[in-house]
Amino acid sequence: MNRHLLPEEIDQLLDGEVGFGTAPLKAHVRACAECRGELEAARVMVRQLEALPHLTPSPLFADRVMSCVQVFVPWHVALLDTVRGLVPRSSGARALAWAGLGSAAAVLLAISLWVVTRLDTVIFGADLALQRLRVAAVGAVSDVVASLFGDAAVQALRATGAAGILLSLVVILLTAALAAGALRAVATAGRRR
Amino acid sequence: MPLLQLSTLPDADVAALAKDGREAAFRELIRRYERPVFSLIYRMVRDREAAEDLAQETFVKVLNHIDRYRPEFKFSSWLFKIANNITIDHLRKRQLDTVSIDGSPHAATAAEAAATSLDLAARGETPLDELEARELGTAIERAIAGLRPEYRACIMLRHVEGRSYEEIAATLDLPLGTVKTYIHRARHELREALAHLKP
């Protein structure tokens with residue numbers, strides 16, 4: 001190479017590029033004092049840049065940032081945290097909790113097995129309970145209707161069956177909604193005045 | 001998770017914990033990057049108070065939108081990109097891009113340069129000013145101040161933060177060739193500015 005290095009070529013050497021292209025550049029630097037000086041000056045400048053310290057913001061910087069940051073905890077993380085919070089910290093208490101959970105699971109399993117082996121008894125009992133519940137509910141509704149509209153209304157409902165009850169419920173709900181709407185309108189008009 | 005353990009995790013994992021709403025993870029990200037981000041901004045705007053405000057704005061923006069962070073990219077690149085954008089916007093608004101303690105780099109005459117220069121040593125009216133003068137008063141800092149903001153960002157990401165050309169291009173949204181040109185020009189200008197210090 002019979003010329004001095006171009007600035008781009010000094011950059012190549014500064015960046016530590018390797019390959020066939022840089023071999024003649026390196027050879028030239030070894031032979032040419034001027035280019036060696038240029039390269040050394042560039043290296044000194046890079047070393048100065050690399051030695052620049054990181055500057056520190058004020059001590060309360062992180063707190064100031066955090067006061068403007070909205071920390072949002074997703075529901076699944078909150079749920080996991082709650083579950084984790086229920087787990088005892090000491091290993092002894094954890095073992096005790098596991099033992100308790102195991103016992104509860106064993107009891108539940110035993111009950112389930114018993115239910116499966118006596119399925120007919122369970123179905124009979126459930127049917128009986130359901131029937132009693134229905135009778136109690138019908139009695140309560142009949143009492144309410146009788147006290148509000150008289151025994152004639154109860155007789156009419158019994159005669160029309162489920163359709164009559166449904167129709168009555170719709171009428172009652174509509175009346176309640178209309179009454180609420182009217183009350184609200186009256187209250188709004190009062191405030192305007 | 002204890003803070004001690006958090007400090008050993010890579011950025012992507014800490015960011016994932018921050019996405020889960022862990023305040024300690026937010027603080028860990030601030031702890032890791034408050035100095036690099038503040039340094040970058042401070043050397044760009046050369047005003048401690050403004051640099052703190054801009055660094056705060058950067059972190060608030062990043063942490064409030066942590067759910068938008070994609071782990072396939074480096075967290076620091078995303079952070080520096082936002083810091084750079086905010087700083088460039090600020091410089092545009094304030095038209096500070098040509099202000100230098102040695103006077104405007106575009107000044108044609110010595111008188112023009114003197115008229116646009118800032119004398120940090122003489123300006124020391126407050127402790128903050130004195131701190132600024134001490135922090136940015138070295139020859140290399142003064143030389144950096146004379147660079148265009150785009151050059152400053154590139155040269156600092158390259159040599160202070162040790163980023164590769166490709167990372168700088170991605171961070172600053174610039175073509176790779178432009179980054180190489182900026183760094184080459186910045187080095188050239190810095191060498192010229194520091195030439196008078198040669199023994």
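This is a predicted model: local features need pLDDT of at least 70, side-chain atom pairs count only at pLDDT 80 or more; totals for chains, interfaces and linings use all residues.
Student: How many helices and how many strands does chain B have?
Tutor: From the N terminus on, the elements of chain B run α-α-α-α-α-α-α-α-α-α-α-α. The count for chain B is therefore taken over DSSP runs, where a helix needs at least four residues and a strand at least two. On that basis chain B has 0 strands and 12 helices.

Student: With which residues is Leu29(B) in contact, leaving aside its neighbours within four places in sequence?
Tutor: Once the neighbours within four places in sequence are left aside, the contacts of Leu29(B) are Val14(B), Ala15(B) and Ala18(B).

Student: Why does α3(B) count as roughly antiparallel to α10(B)?
Tutor: The axes of α3 (residues 23-45) and α10 (residues 149-159) of chain B come within 10 Å and cross at roughly 150 degrees. Angles over 145 degrees count as roughly antiparallel. The crossing angle therefore makes the arrangement of α3(B) and α10(B) roughly antiparallel.

Student: How many nonpolar, polar and charged residues make up the contact of α3(B) with α10(B)?
Tutor: On the side of α3(B) the residues are Leu40(B), Arg43(B) and Met44(B), and they meet Pro149(B), Arg152(B), Ala153(B) and Met156(B) in α10(B). The crossing of these two helices, α3(B) and α10(B), is right-handed. By class, the residues of the contact of α3(B) with α10(B) divide into no polar, 2 charged and 5 nonpolar.

Student: Which element supplies the largest share of the side of chain A that touches chain B?
Tutor: Between the two chains, 29 residues of chain A are in contact with 32 residues of chain B. Elements of chain A that each supply at least two residues of this side are α1 (7-14), α3 (33-50) and α4 (61-66). By class, the residues of the side of chain A that touches chain B are 20 nonpolar, 5 polar and 4 charged. The largest share, 7 residues, comes from α3(A).

Terms used
Residues are numbered from 1 along each chain as its sequence is written. Chains are lettered from A and ligands numbered from 1 in the order in which they are written. Two residues are in contact if their C-beta atoms, placed from the backbone, lie within 7 Å. Ala, Val, Leu, Ile, Met, Phe, Trp, Tyr, Cys and Pro count as nonpolar, Asp, Glu, Lys and Arg as charged, and the others, Gly among them, as polar. Axes are lines fitted to C-alpha atoms, for helices over the stretch in contact, and angles run from 0 to 180 degrees between N-to-C directions. Angles under 35 degrees count as roughly parallel, over 145 as roughly antiparallel, 65 to 115 as roughly perpendicular and the rest as oblique. A crossing is left-handed if the near helix is turned anticlockwise from the far one by less than a right angle, and right-handed if clockwise.
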